[in-house]
Amino acid sequence: MAFCGVYLGRIAGGAGDHRDLIAVLLPVLSAVREQGRVTACLSNLRQIGHGINMYGVDHKGLIIPADLRDPNFDNVNGRWGNWATILVQGKYLSAPDQSNPATPPASSSVLRCPNGTDEDGVFNGAYFSERDSYLQAGYWRRQAMDLHPDGSMTPSITVFTWYGINADRVGEDYPMFRYPSDTRREKLHSFSEIHSPSELAMVYDGFFEHGGESRLMANARHKRGTVTNYLFADGHAGSVITSTLPVSFDDADLDARPFPKYKLRQK
(Lines give C-alpha, C1' and ligand atoms only; values in the text may rest on other atoms or scores of the structure.)
Protein backbone atom coordinates (compact mmCIF):
# COMPACT_ATOMS: atom_id res chain seq x y z
CA MET A 1 0.00 0.00 0.00
CA ALA A 2 2.93 2.32 0.60
CA PHE A 3 3.73 2.16 -3.12
CA CYS A 4 0.13 3.01 -3.98
CA GLY A 5 0.22 5.93 -1.56
CA VAL A 6 3.37 7.34 -3.13
CA TYR A 7 1.99 6.81 -6.65
CA LEU A 8 -1.36 8.43 -5.90
CA GLY A 9 0.41 11.23 -4.11
CA ARG A 10 2.39 12.00 -7.22
CA ILE A 11 -0.66 11.94 -9.41
CA ALA A 12 -2.37 14.29 -7.01
CA GLY A 13 0.62 16.66 -7.12
CA GLY A 14 1.21 19.68 -9.22
CA ALA A 15 1.21 20.16 -12.98
CA GLY A 16 4.88 19.29 -13.16
CA ASP A 17 4.19 15.85 -11.70
CA HIS A 18 1.46 15.26 -14.26
CA ARG A 19 3.75 16.21 -17.11
CA ASP A 20 6.48 13.95 -15.77
CA LEU A 21 4.09 11.02 -15.53
CA ILE A 22 2.73 11.61 -19.03
CA ALA A 23 6.27 11.85 -20.39
CA VAL A 24 7.02 8.45 -18.87
CA LEU A 25 3.79 6.76 -19.95
CA LEU A 26 3.46 7.99 -23.53
CA PRO A 27 6.45 6.05 -24.93
CA VAL A 28 5.26 2.93 -23.12
CA LEU A 29 1.73 3.25 -24.49
CA SER A 30 3.07 3.97 -27.96
CA ALA A 31 5.25 0.85 -27.85
CA VAL A 32 2.29 -1.26 -26.69
CA ARG A 33 0.12 0.04 -29.53
CA GLU A 34 2.84 -0.60 -32.07
CA GLN A 35 3.39 -4.14 -30.80
CA GLY A 36 -0.35 -4.68 -31.21
CA ARG A 37 -0.08 -3.60 -34.85
CA VAL A 38 2.88 -5.93 -35.38
CA THR A 39 0.88 -8.82 -33.91
CA ALA A 40 -2.17 -8.02 -36.05
CA CYS A 41 0.03 -7.90 -39.16
CA LEU A 42 1.53 -11.30 -38.37
CA SER A 43 -1.98 -12.69 -37.91
CA ASN A 44 -2.94 -11.37 -41.36
CA LEU A 45 0.10 -13.01 -42.91
CA ARG A 46 -0.69 -16.36 -41.29
CA GLN A 47 -4.22 -16.22 -42.69
CA ILE A 48 -2.86 -15.37 -46.13
CA GLY A 49 -0.45 -18.28 -45.81
CA HIS A 50 -3.30 -20.63 -44.97
CA GLY A 51 -5.12 -19.47 -48.10
CA ILE A 52 -2.03 -19.97 -50.28
CA ASN A 53 -1.47 -23.44 -48.86
CA MET A 54 -5.13 -24.41 -49.38
CA TYR A 55 -4.87 -23.22 -52.99
CA GLY A 56 -1.91 -25.59 -53.33
CA VAL A 57 -3.91 -28.47 -51.86
CA ASP A 58 -6.68 -27.87 -54.40
CA HIS A 59 -4.24 -27.50 -57.32
CA LYS A 60 -1.97 -30.53 -57.01
CA GLY A 61 0.64 -28.81 -54.88
CA LEU A 62 1.16 -25.83 -57.20
CA ILE A 63 2.09 -22.40 -55.86
CA ILE A 64 -0.35 -19.63 -56.65
CA PRO A 65 0.53 -17.25 -59.53
CA ALA A 66 1.65 -13.78 -58.51
CA ASP A 67 -0.15 -11.98 -61.29
CA LEU A 68 -2.38 -13.00 -64.21
CA ARG A 69 -1.71 -11.47 -67.60
CA ASP A 70 -3.52 -11.70 -70.90
CA PRO A 71 -1.96 -14.67 -72.81
CA ASN A 72 -2.17 -12.42 -75.86
CA PHE A 73 1.26 -10.85 -75.51
CA ASP A 74 0.33 -8.10 -77.93
CA ASN A 75 -1.88 -6.74 -75.14
CA VAL A 76 1.02 -5.69 -72.90
CA ASN A 77 -1.26 -4.00 -70.37
CA GLY A 78 -3.82 -6.80 -70.11
CA ARG A 79 -4.23 -8.00 -66.52
CA TRP A 80 -6.79 -10.51 -65.29
CA GLY A 81 -6.08 -10.35 -61.57
CA ASN A 82 -3.41 -11.41 -59.11
CA TRP A 83 -2.79 -13.69 -56.15
CA ALA A 84 -5.10 -11.65 -53.92
CA THR A 85 -8.07 -11.76 -56.32
CA ILE A 86 -7.49 -15.49 -56.86
CA LEU A 87 -7.60 -16.16 -53.12
CA VAL A 88 -10.71 -14.05 -52.60
CA GLN A 89 -12.61 -15.36 -55.64
CA GLY A 90 -11.71 -18.92 -54.67
CA LYS A 91 -12.96 -18.26 -51.13
CA TYR A 92 -9.57 -19.06 -49.63
CA LEU A 93 -9.65 -15.60 -48.04
CA SER A 94 -12.34 -13.07 -47.29
CA ALA A 95 -11.75 -9.47 -48.31
CA PRO A 96 -14.10 -6.70 -49.44
CA ASP A 97 -14.80 -6.03 -53.10
CA GLN A 98 -13.67 -2.45 -53.72
CA SER A 99 -14.92 -2.07 -57.28
CA ASN A 100 -16.75 1.14 -56.40
CA PRO A 101 -14.12 3.88 -56.80
CA ALA A 102 -15.94 6.01 -54.23
CA THR A 103 -15.41 3.41 -51.50
CA PRO A 104 -12.44 4.24 -49.26
CA PRO A 105 -9.79 1.56 -48.71
CA ALA A 106 -11.06 -1.08 -46.30
CA SER A 107 -9.68 -0.73 -42.79
CA SER A 108 -10.44 -4.27 -41.62
CA SER A 109 -9.31 -6.40 -44.58
CA VAL A 110 -6.95 -9.32 -43.90
CA LEU A 111 -4.97 -7.98 -46.85
CA ARG A 112 -4.36 -4.67 -45.09
CA CYS A 113 -1.26 -4.21 -42.96
CA PRO A 114 -2.20 -2.27 -39.79
CA ASN A 115 0.61 0.15 -40.65
CA GLY A 116 -0.60 0.52 -44.21
CA THR A 117 -1.75 3.87 -45.60
CA ASP A 118 -4.76 4.91 -47.66
CA GLU A 119 -2.56 5.93 -50.59
CA ASP A 120 -2.66 4.20 -53.97
CA GLY A 121 0.94 3.04 -54.38
CA VAL A 122 0.74 3.12 -58.17
CA PHE A 123 0.07 6.85 -58.16
CA ASN A 124 2.30 7.88 -55.26
CA GLY A 125 5.46 6.31 -56.72
CA ALA A 126 5.72 3.37 -54.30
CA TYR A 127 7.21 1.14 -56.97
CA PHE A 128 10.20 3.45 -57.31
CA SER A 129 10.68 4.25 -53.62
CA GLU A 130 13.25 2.77 -51.24
CA ARG A 131 12.52 0.05 -48.70
CA ASP A 132 12.45 2.51 -45.81
CA SER A 133 9.95 4.81 -47.55
CA TYR A 134 6.44 5.21 -46.17
CA LEU A 135 5.26 5.23 -49.80
CA GLN A 136 5.60 1.45 -49.93
CA ALA A 137 2.97 1.24 -47.19
CA GLY A 138 0.37 2.17 -49.81
CA TYR A 139 -1.96 -0.35 -51.45
CA TRP A 140 -1.95 -2.12 -54.78
CA ARG A 141 -5.28 -2.16 -56.61
CA ARG A 142 -6.06 -5.17 -58.76
CA GLN A 143 -9.28 -5.88 -60.64
CA ALA A 144 -10.06 -9.46 -61.64
CA MET A 145 -11.70 -10.41 -64.92
CA ASP A 146 -14.31 -13.09 -65.51
CA LEU A 147 -13.77 -15.22 -68.62
CA HIS A 148 -17.00 -16.48 -70.22
CA PRO A 149 -17.52 -19.61 -72.40
CA ASP A 150 -17.81 -17.48 -75.53
CA GLY A 151 -14.38 -15.98 -74.85
CA SER A 152 -15.66 -12.62 -73.72
CA MET A 153 -14.46 -11.02 -70.50
CA THR A 154 -16.13 -8.75 -67.99
CA PRO A 155 -14.71 -6.96 -64.93
CA SER A 156 -15.11 -8.81 -61.66
CA ILE A 157 -14.04 -7.99 -58.09
CA THR A 158 -11.43 -5.40 -57.19
CA VAL A 159 -9.11 -6.16 -54.28
CA PHE A 160 -6.67 -3.87 -52.49
CA THR A 161 -3.61 -5.37 -50.85
CA TRP A 162 -0.92 -3.83 -48.67
CA TYR A 163 1.54 -6.74 -48.93
CA GLY A 164 4.27 -7.64 -51.39
CA ILE A 165 4.94 -11.08 -52.82
CA ASN A 166 8.17 -12.92 -53.61
CA ALA A 167 7.84 -12.98 -57.37
CA ASP A 168 9.11 -11.65 -60.67
CA ARG A 169 7.99 -11.72 -64.31
CA VAL A 170 10.36 -14.43 -65.56
CA GLY A 171 9.46 -17.44 -63.46
CA GLU A 172 12.76 -19.21 -62.90
CA ASP A 173 14.23 -18.12 -59.56
CA TYR A 174 11.36 -17.22 -57.26
CA PRO A 175 8.41 -19.26 -55.96
CA MET A 176 5.82 -17.12 -57.76
CA PHE A 177 5.75 -15.24 -61.05
CA ARG A 178 3.52 -13.37 -63.47
CA TYR A 179 1.53 -15.97 -65.39
CA PRO A 180 2.28 -16.53 -68.23
CA SER A 181 5.74 -15.13 -67.62
CA ASP A 182 7.54 -12.67 -69.87
CA THR A 183 9.41 -15.69 -71.25
CA ARG A 184 6.02 -17.42 -71.84
CA ARG A 185 6.53 -19.87 -69.00
CA GLU A 186 3.23 -21.50 -68.00
CA LYS A 187 4.44 -24.20 -65.63
CA LEU A 188 3.85 -23.02 -62.08
CA HIS A 189 6.30 -23.96 -59.35
CA SER A 190 5.21 -26.52 -56.77
CA PHE A 191 5.67 -26.66 -53.01
CA SER A 192 7.76 -29.80 -53.52
CA GLU A 193 10.49 -27.65 -55.11
CA ILE A 194 11.00 -25.71 -51.87
CA HIS A 195 13.98 -26.99 -49.90
CA SER A 196 13.75 -24.70 -46.86
CA PRO A 197 10.06 -23.84 -46.38
CA SER A 198 10.62 -22.32 -42.93
CA GLU A 199 13.09 -19.84 -44.46
CA LEU A 200 11.68 -19.07 -47.91
CA ALA A 201 9.81 -15.75 -48.11
CA MET A 202 6.37 -15.82 -49.69
CA VAL A 203 4.54 -12.62 -48.68
CA TYR A 204 5.87 -9.67 -46.70
CA ASP A 205 5.45 -6.03 -45.72
CA GLY A 206 6.04 -4.52 -49.14
CA PHE A 207 4.54 -3.33 -52.38
CA PHE A 208 3.25 -5.52 -55.25
CA GLU A 209 5.90 -8.03 -56.43
CA HIS A 210 9.60 -7.21 -56.30
CA GLY A 211 10.31 -8.16 -59.92
CA GLY A 212 13.99 -8.54 -59.11
CA GLU A 213 14.23 -4.94 -57.87
CA SER A 214 16.15 -4.90 -54.59
CA ARG A 215 14.36 -1.80 -53.26
CA LEU A 216 11.12 -3.83 -53.29
CA MET A 217 12.47 -6.80 -51.31
CA ALA A 218 10.83 -5.48 -48.15
CA ASN A 219 9.38 -2.38 -46.54
CA ALA A 220 10.65 -1.24 -43.14
CA ARG A 221 7.15 -0.73 -41.81
CA HIS A 222 7.08 -1.51 -38.11
CA LYS A 223 8.70 -0.23 -34.93
CA ARG A 224 9.88 3.06 -36.37
CA GLY A 225 11.06 1.53 -39.61
CA THR A 226 13.26 -1.17 -38.10
CA VAL A 227 11.14 -4.30 -38.54
CA THR A 228 9.61 -6.10 -41.53
CA ASN A 229 7.07 -8.92 -41.19
CA TYR A 230 7.25 -12.02 -43.38
CA LEU A 231 5.12 -15.03 -44.26
CA PHE A 232 7.21 -18.12 -44.96
CA ALA A 233 6.45 -21.09 -47.17
CA ASP A 234 5.69 -23.39 -44.22
CA GLY A 235 2.86 -21.05 -43.19
CA HIS A 236 4.44 -19.36 -40.20
CA ALA A 237 4.94 -15.61 -39.96
CA GLY A 238 7.70 -13.72 -38.18
CA SER A 239 9.35 -10.35 -37.73
CA VAL A 240 12.82 -9.66 -39.15
CA ILE A 241 15.12 -6.76 -38.29
CA THR A 242 15.18 -4.85 -41.55
CA SER A 243 18.85 -3.95 -41.32
CA THR A 244 19.77 -7.67 -41.46
CA LEU A 245 18.00 -8.24 -44.78
CA PRO A 246 19.86 -8.71 -48.08
CA VAL A 247 20.39 -5.49 -49.99
CA SER A 248 20.35 -7.06 -53.45
CA PHE A 249 19.39 -10.22 -55.32
CA ASP A 250 23.02 -11.01 -56.18
CA ASP A 251 23.79 -14.60 -55.18
CA ALA A 252 26.80 -13.47 -53.15
CA ASP A 253 24.65 -11.13 -51.08
CA LEU A 254 21.90 -13.71 -50.64
CA ASP A 255 24.47 -16.27 -49.49
CA ALA A 256 26.00 -13.79 -47.06
CA ARG A 257 22.58 -12.88 -45.61
CA PRO A 258 20.62 -16.10 -46.08
CA PHE A 259 17.55 -15.27 -43.98
CA PRO A 260 15.00 -14.97 -45.26
CA LYS A 261 15.64 -16.84 -48.48
CA TYR A 262 14.16 -15.50 -51.69
CA LYS A 263 15.22 -17.92 -54.40
CA LEU A 264 13.94 -21.49 -54.71
CA ARG A 265 17.44 -22.90 -55.17
CA GLN A 266 19.18 -20.60 -52.75
CA LYS A 267 21.68 -22.28 -50.41
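Two strands count as paired if DSSP finds at least two bridges between them. Strands are DSSP runs of E, at least two residues long, numbered from the N terminus. The model is predicted: local features need pLDDT of at least 70, side-chain atom pairs count only at pLDDT 80 or more, and totals for chains, interfaces and linings use all residues. Residue numbers start from 1 along each chain as its sequence is written, and side-chain values use heavy atoms, without hydrogens and water.

View 1

**View 2. Strand 5 against strand 8.** Strand 8 covers residues 201-205 and pairs with strand 5 in the antiparallel sense, over 3 bridges. Tyr-163 lies opposite Asp-205 of strand 8. Gly-164 has Tyr-204 as its bridge partner in that strand.

**View 3. Strand 8 against strand 9.** Strand 9 spans residues 227-232; 3 bridges join strand 8 to this antiparallel neighbour. Ala-201 has Phe-232 of strand 9 as its bridge partner.

**View 4. Burial of strand 8.** Strand 8 is mostly covered, with 5 of its 5 residues buried. Buried means under 20% relative accessible area, exposed over 50%, and partly exposed in between (1.4 Å probe, protein chains only).

Key
Helix = DSSP H or I, 4+ residues; strand = E, 2+ residues; numbered from the N terminus.
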